[in-house]
Amino acid sequence: MIKFLIFNPSYLGDSILTTPLIKAVKKLYPDSYIAFCVRPEYISLFSGLNFINEVISFDKRRYDGGIRGTINFYKFLRNKSFDIIISPHLSIRSTIVTSLSHIPLRIGFKQAKLNSLYTHTVEKDRNKHEVVRYLELLKPVIEARLTNKNPSIELGSKKEYELSVLKNIAGQPETYTDNFTYEKVNMFFKVISKGYSIVGINPTSIWPTKRWPEKKYAELMNKIYKNNIISVLFAAPDEKSTVEEISKYINVPFIDFAGRTTLRELPAIIKTLDLLITNDSGPMHIAVSQNTPTVAIFGPTTENLGFFPYDDRSTVIGKKDLDCRPCCLHGGIRCPERHFKCMNDISVDEVLKAALTYIK
């Protein structure tokens, strides 16, 4: 049995976008053992998925941080006796941990720091979606078949493992669905909706410049209520101030879930929605993983960075005529040009029109 470690303790969206890669590994090597390494706060999103055998926590901010923590962690990986590690993460720490783990086949991107420490590297094509970039990390695995008895390499690529086939077998990203939460919330919405559609509103993001202005979200919620739509506001406990600001300008009924759901419950709740309207953020990728269509509002980031919704049901709204977009990969604290046109120029009616196309 081949033991794989998929190592990507990155942002929420990045971890979710790794799941098609893991599914492809499981399809190609159904008898393999697959561990997925993520940040500790995201474990609940992946524990329970049937194509992952183990979820490992890499707590780089606490227990696994610093020299001692790093040493303890790579010793832990050595004891696991993995055969292959695939690391989409680009940081120096990840490369060092990967190298010191003594895993025979170590695969990463050429753009990773200290990439010479990997046994195999793959070019990260900036013109492709992040999911597709991750799938391309399978090329060395496919071309270098690892035997069960000996960690030696048997060369021989197979034409049926081309990228187009990998994309097909990998499918969409996935997160774990807590069915009890889903049934409970679904029943709740049926009781209170009384013929109204239910649309989720995710107005937050780690990066301030990725947030569409609060007053615009409030105006949108006021307008969609007139179209027989009830809004459900989502936010993490430390993001409730954003929801409180939005609430000042709302004059219609809405449901406030801000700070009242756990991350494990969030995929099941989003699954119950007719639509999610969101900034470019982790919950956007959760919605895709639960087959819930999204209207995604992109400001400082753009689709060609490769992090747009990985499905054919969602809509991305952004100002394509701005020369300053994208200003950075993840967004920033403030607009470098000080005008914030990428978000201020997106009208409420534009978002409303896109949302209504999904509501029957």
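This is a predicted model: local features need pLDDT of at least 70, side-chain atom pairs count only at pLDDT 80 or more; totals for chains, interfaces and linings use all residues.
In soluble globular proteins, nonpolar side chains tend to be buried together. In this model the largest nonpolar core has 56 residues, and those with the most contacts inside it are Phe4, Phe46, Ile86 and Leu138. The element that gives the most to this core is helix H2, residues 19-28, with five residues. Besides this core there is a second, separate one of 33 residues, which includes Ile201, Ile297, Ile317 and Phe340.

When its neighbours within four places in sequence are set aside, Phe46 is in contact with Ser15, Ile16, Thr19, Phe36, Val38, Ile52, Val55, Glu174 and Thr175. Among these partners, Ile16, Phe36, Val38, Ile52 and Val55 count as nonpolar, whereas Glu174 counts as charged.

The open spaces come next. The largest pocket holds about 840 Å³ of space. Its lining comprises 36 residues, of which Leu12, Tyr42, Ile206, Gly282 and Pro283 lie nearest the centre. Helix H1 (12-17), helix H12 (266-271) and helix H13 (282-289) are the elements that give two or more residues to this lining. By residue class, the lining of the largest pocket divides into 17 nonpolar, 13 polar and six charged residues.

In the second largest pocket there is about 290 Å³ of space. This pocket is lined by 17 residues, and Ser10, Asp14, His89, Leu90 and His330 are the ones nearest its centre. The lining of the second largest pocket consists of six nonpolar, five polar and six charged residues.

A cavity is a set of points where a 1.4 Å probe fits but cannot get out, and the model has one cavity of 30 Å³ or more. The largest cavity contains about 90 Å³ of space. Of the 13 residues that line the largest cavity, Cys324, Cys327, Cys335, Pro336 and Cys342 lie nearest its centre. The lining of this cavity divides into eight nonpolar, two polar and three charged residues.

The backbone has a cis peptide bond between Arg325 and Pro326, with omega at about -10°. Pro326 belongs to the loop that runs between strand S14 (315-317) and helix H14 (341-344).

Two residues other than glycine have a positive phi. Ser81 has a phi of about 55° and is found in the loop between helix H4 (66-80) and strand S4 (84-87). Asn291 has a phi of about 60° and is placed in the loop between helix H13 and strand S13 (294-297).

Asn251 and Tyr225 are 26 residues apart along the chain, and their C-alpha atoms are separated by 9.8 Å.

How values were computed
Residues are numbered from 1 along each chain as its sequence is written. Side-chain values use heavy atoms; hydrogens and water are left out. On a 1 Å grid over the protein atoms alone, a cavity is a set of points where a 1.4 Å probe fits but cannot get out, and a pocket is an open set with protein on both sides within 12 Å along at least five of seven lines; lining residues have an atom within 4 Å of a point. Grid points are joined across faces, edges and corners, and a volume is the space filled by probe spheres set on the points. Helices (H or I, at least four residues) and strands (E, at least two) are DSSP runs, numbered from the N terminus. A nonpolar core is a set of buried Ala, Val, Leu, Ile, Met, Phe, Trp, Tyr and Cys residues joined through side-chain atoms within 4.5 Å. Buried means under 20% relative accessible area, exposed over 50%, partly exposed in between (1.4 Å probe, protein chains only). Contact means heavy atoms within 4.5 Å.
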